[in-house]
Amino acid sequence: MGMLGWWYRRGLEMKGLITMDDLTNEDILSILDDAARLLPVAKGETFLPLLQGKILGNLFFEPSTRTRMSFETAMKRLGGDVVNLGDVKTSSVVKGETLFDTIQMVDGYTDIIAMRHPRQGAARYAQDAARVPILNGGDGAGHHPTQTMLDLFTILQSHGTLEGLSVVLAGDLRYGRTVHSLSHALVRFGCKLILASPELLRMPTEIIEDLREHGADVTETEDLLGNINEADVVYMTRIQKERFADEDEYARCAGAYKLHARHLAEVKEDMIIMHPLPRVDEIDPSVDDTRHARYFEQAFNGVVARMALLCKLLGVPVPEDVAAAGGAAVTKHGNKAVSSKSGSADLLLAAGADIAHDRKRLETIFLSLIHI
Ligand code: NCD
């Protein structure tokens, strides 16, 4: 493709995901549907290299475990590759390079960029500097739309719908970017919101106004426990210590809410407890073993949700029948997973990669073939 074609192609692609406003409700549902079909690929059971030859640039200017690693896992499970900025301290940022210059340069190395930055609005700014799509992985106390997509996926998985649910958002609603993006999306699906926070950490007024403009049924309260029994979802968040200018202010809010298993006696049977993680002390480990805890599944769902987003923004359709389109994947034990419809020839081919390394397994496979 000539230079003109390259520019033209870039121009046609959907721009990035900076806030949930970049997606319609139909987009959201169709991406979540793609994500559900990609589950066997995320689990490593099916190999489907839809993004082979594509490169994701991971630009994390702030700490991250889940977002960065799940983006990387998503890309690699789909056969794509990842380049990382790495530790900000060892990058040219410390030499005084501007975000604009960094983005313009990484834009040339990659097909899509996932970015996290401590400054609110940084992702929008980066999108203006880049031709490739930017996925906002968190901009200060602003937005975190890719987290919202995995949150919605988790809710849909448990409740079978996103519509009309009663959702408690609790903790740091002032600085917590996950709840800024999630509240907006939930309201668009007609959910009722109960915002539980200490006075100092109330949801910013402009966000509440935006929610009300979208017809939201929103209640603000300081009382978490008095509101969990009616809820379908309780979404806990960490108090964002790093965003406080004043340490005393943090000390006044720290430990405001601590959800314990003994608080769950009267909650709805199918109520789910979510948390974007990392948790500090807002969910006691006693909750982990209850039927309500969903935060670890939620973290896993980051892989499928981000796979579906990467495909969407790179303009690569997810096949309707992922199992038929994909191949057997290499399992965690090193042998190839074999689908039930594989014949003995497939079974042998699948085993081939291991033959030189694992005599014992070879014997087992031949023994099992005798019975086919
Ligand atoms: C969240 C974040 O970075 O905003 N974490 C995440 O992406 N899973 C929540 C937090 O740090 O408290």
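Reader: Hi! What should I know about the model before we start?
Author: It is a predicted model, where local features need pLDDT of at least 70 and side-chain atom pairs count only at pLDDT 80 or more, while totals for chains, interfaces and linings use all residues. Residues are numbered from 1 along each chain as its sequence is written, and side-chain values use heavy atoms, with hydrogens and water left out.

Reader: Thanks! How many cavities of 30 Å³ or more are there?
Author: Three. A cavity here is a set of points on a 1 Å grid over the protein atoms alone where a 1.4 Å probe fits but cannot get out; a volume is the space filled by probe spheres set on the points, which are joined across faces, edges and corners.

Reader: And how much space lies in the largest cavity?
Author: About 60 Å³. Its lining residues, those with an atom within 4 Å of a point, include Arg66, His275 and Tyr295.

Reader: Which helix gives the largest share of that lining?
Author: Helix 11, with four residues. Helices are DSSP runs of H or I with at least four residues, and strands are runs of E with at least two, numbered from the N terminus.

Reader: Switching topic: what is the strand order in the open sheet?
Author: The order is 8-7-6-9-10, with parallel pairing; two strands pair if DSSP finds at least two bridges between them. Strand 8 (217-221) and strand 10 (272-274) are the edge strands.

Reader: Nice! Over how many bridges do strand 6 and strand 7 pair?
Author: Five, in the parallel sense. Leucine 169 stands opposite leucine 195 in strand 7.

Note on methods. On a 1 Å grid over the protein atoms alone, a cavity is a set of points where a 1.4 Å probe fits but cannot get out, and a pocket is an open set with protein on both sides within 12 Å along at least five of seven lines; lining residues have an atom within 4 Å of a point.
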